[in-house]
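Take a look at the protein below. We will walk through how its parts meet.

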Amino acid sequence: MQTITTVAEVHHALAEARRADKRVGFVPTMGYLHDGHLALIEASRAQCAVTVVSIFVNPTQFGPNEDLSTYPRDFQRDEKLCRDAGVAIVFAPGAKEVYPAQFETFIEPGELAKPLCGAFRPGHFRGVATVVSKLFNMVQPDVAFFGQKDFQQCAVVRRMAIDLNMPIEIVTVPTVREADRLAMSSRNRYLSEEDRGRALAISRGLFAAAEEFRLGERNVDKLIAIAKRHLETVDRLQYLELVDGDTLKPAASPLRRPAALCVAAYVGSTRLIDNVILQPTP
Ligand code: AMP
């Protein structure tokens, strides 16, 4: 495995793979890797000859009062996890490599970036779309892997790749959860033991609604109400919405199309997000 920090090195490291027409898979991350990231790496390894993982805590996707400076980092551990997982290249650029002086060009996503997290994190998806498109240009992968846990991010990136004619297949990988169903997240390390227990209300609410959906409930308000009952114990519910799986606009009731039940909630001072997909069978 090679660890590299510059765009020039990325091109050099991948030149051989490209000459040999090998399929290059790409997993963008902010590091502090867990089994969720490893599932993306595994998916890439299953279908690509070469897997590139980027580790970059992207400043442009954090708001002024968010956790950029305290975001968990452990580069040596990440490197070891990548090596053990069969990654070919870890690309860990510094902030100046990605955003050199006088950088001023951004990607502005449209309607998909407005609801849910977009409503509470102004500029977040602009930062995400910008860094993902830059990383795509740097690595030039054939396929890139994203986690369903960041459902809206998947939608924004997928739309961007289509709208900007990026010749990259976007694959979404299901959310990996702890044994008690808490969605894995680098931010889970902020949770005290007591917070950790209360955080379970999030997945409990989502899975309770998913179970009622499985049993035939199709009324949007009722499904939201079922999840909400469980979410009483979080410190602050930022949003709980059932949205259309394609447009991310409020889902029409009764549900007849794929939809996502999405939540963002604070437990202590930690903001957690999660979702479940509800897929009506025709
Ligand atoms: P992050 O490092 O949090 O920016 O995440 C990097 C990638 O890993 C994104 O595509 C995330 O959606 C994905 N990811 C994060 N947590 C999980 C999880 N629990 N299961 C699956 N993918 C995840």
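How many Å separate the centres of domain 1 and domain 2? Taken over C-alpha atoms, the centres lie 26 Å apart. Domain 1 covers 2-173 and domain 2 covers 186-274, with bounds from an automatic or database domain assignment. This is a predicted model, where local features need pLDDT of at least 70, side-chain atom pairs count only at pLDDT 80 or more, and totals for chains, interfaces and linings use all residues. Residues are numbered from 1 along each chain as its sequence is written, and side-chain values use heavy atoms, leaving out hydrogens and water.

Now turn to the interface. About 1700 Å² is buried between domain 1 and domain 2; this is the accessible area (1.4 Å probe) that two parts lose on being put together, summed over both. Carbon and sulfur atoms give 61% of that area. In domain 1, Leu 116, Phe 120 and Phe 151 lose the most area to domain 2. Together they make up 33% of what that side buries.

Charges also meet here. Two salt bridges are counted between the domains, each a side-chain nitrogen of Lys or Arg within 4 Å of a carboxyl oxygen of Asp or Glu. Lys 249 forms a salt bridge with Glu 111. Their closest N and O atoms are 3.9 Å apart.

Which elements give two or more residues to the side of domain 1 that touches domain 2? They are α5 (117-120) and α7 (151-163); helices here are DSSP runs (H or I, at least four residues), numbered from the N terminus. The largest share, three residues, comes from α7.
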